[in-house]
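Visitor: Please show me the model, and then let us go through the terms used for it one at a time.

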Amino acid sequence: MSYEIAVIEGDGIGREVVPAAIDVLDAFDVDFEFVEAEAGDAVQEATGDPLPDETYDLAAEADATLFGAAGETAADVILPLREAVGSFVNVRPAKAYPGVDAVRPETDVVFLRENTEGVYAGHEDRLSEDLSTLTRVVTSSASRELAEYACEFVADGRGPAGDPDEGFTVAHKANVMRETDGRFREELFAVAEERGVDADEELMDAFATKLPLDPTQYGVVVCPNLAGDVLSDLAAGLVGGLGLLPSANVGHDNGLFEPVHGTAPDIAGEGVANPTAAILSAAMLLEFLGHVEEGQRVRDAVEGVLSDGPRTGDLGGDATTEAVAAAVVDRL
Ligand code: ATP
Ligand code: MG
C-alpha cells in the first residue's frame, strides 16, 4: 500500500518542524510518497495568492496532508484546506508529559471539535451604523456526523483512558442557546444512545472552571466549533507549551495534520523550534491511515525524548530541531 502525502510547510518554523516530522515518518517501512506544495505568506508575496489552486487540489486528492504553519494569511490558507480534505472534526489532544513543566501535570484530555459550522460558518452582517449581527449555523447532519465519530473514537479505545467505557462529555450552552446548542446536544446524546456509548455533559462555562481545577475528571470532550477552539486552548495552557500540541482535521477519506502552534516569528530560521507538535501530528497521520501501532511507537519515542532529552529552548534545553528529531528516530 502506498500513500500520497501532501506536504505544506508554509511559513516560519513550519519550514523547520515539518521536515523533522518527515524524518520520523521516513523511519517506518511504510510507502509514503511526499509531494510538496506552497501556501502562506511567502507564496502570497511571490504570486499574490496565499493558496495556489495546485496546493488546494493536491491536498484534496492526497491520502493525507501534513501542514506546518502560515503567518498573516493563516485564515486564507487553513480554512479552505480543511474544506479541501472534507474535514468535519478537529481532534486536539492535550496531554502533559513527564519532564515538561505543566500547570496541571495530570492533564490528559482529547477535544473533538465540530469543524464546519457554528459561529465560524455563520455570516456576519452590518445592519446599521449601530448594529451588527451574526447568524449561527447548526445542523442535525453535522452534529450526528461528529457524534458518530466521537462514538467510534471512544469505542476504539482512543480516548485518554483507552477504555471504551469512558464515554464522552458534551460541553455546550444549551440552557441559553436552546435552539442551536439544543439541537447539537440532542443529536450527540441520541447517537450515543443508539451506539451504546456513555455520554455526559457540562455547561461550557462551568467546564472552563472545572477543567483547570481538576482535569482528571475529563477524557474525551465534544464541543461546538467556537467552544472547542477556546476550551482546547485552555487545556493547552495546562500542559506546558505550544511546541507540544498536535492536531488533526479529519474527514471521511482524507485528513490534514498540523501542529497547534503558528509560525513563531521570534525563533523562525534559527533551527531551534521544538518539533514535538509536528511529530505528534505525524503520529496522528499514521493512525488515521490505519498504522495505529506505528503511531503509538512515535508517541512512546517522543515521550522518552521529552523525559530524557535532548530538549529545545522552549523546554529549557539547547538542542536543535534536528537533534530532537534525530533522538526520536533513534528511539524508533
Ligand atoms: P502566528 O501569528 O503564526 O500564530 P505567533 O507570534 O502567534 O505566530 P506562535 O507560533 O503562535 O507565534 O507562538 C507563540 C509563542 O510560542 C512564540 O513565542 C513562539 O516562539 C513559541 N512557540 C510556538 N511554537 C513553538 C515551537 N514549536 N517551538 C518553540 N517555541 C514555540
Ligand atoms: Mg499564534
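Guide: Rings of Phe, Tyr and Trp (its six-membered ring) pair if their centres lie within 6.5 Å, and planes under 30 degrees apart count as stacked, over 60 as edge-to-face and the rest as tilted. The structure holds seven aromatic pairs. This is a predicted model, in which local features need pLDDT of at least 70, side-chain atom pairs count only at pLDDT 80 or more, and totals for chains, interfaces and linings use all residues. Side-chain values use heavy atoms, with hydrogens and water left out, and residues are numbered from 1 along each chain as its sequence is written.

Visitor: Why is the pair of Phe111 and Phe207 called edge-to-face?

Guide: The ring centres of Phe111 and Phe207 are 6.1 Å apart and their planes stand at 90 degrees, so the pair is edge-to-face. Phe111 belongs to strand E5 (residues 108–114) and Phe207 to helix H7 (residues 204–213), 96 residues apart; helices (H or I, at least four residues) and strands (E, at least two) are DSSP runs, numbered from the N terminus.

Visitor: What makes the pair of Phe257 and Phe288 tilted?

Guide: Between Phe257 and Phe288 the centre-to-centre distance is 5.5 Å and the angle between the planes is 50 degrees, which is tilted.

Visitor: How do you know whether Phe257 is buried or exposed?

Guide: Buried means under 20% relative accessible area, exposed over 50%, and partly exposed in between (1.4 Å probe, protein chains only). Phe257 has 1% relative accessibility and therefore counts as buried, whereas Phe288, at 25%, counts as partly exposed.

Technical notes
Chains lettered and ligands numbered in written order.
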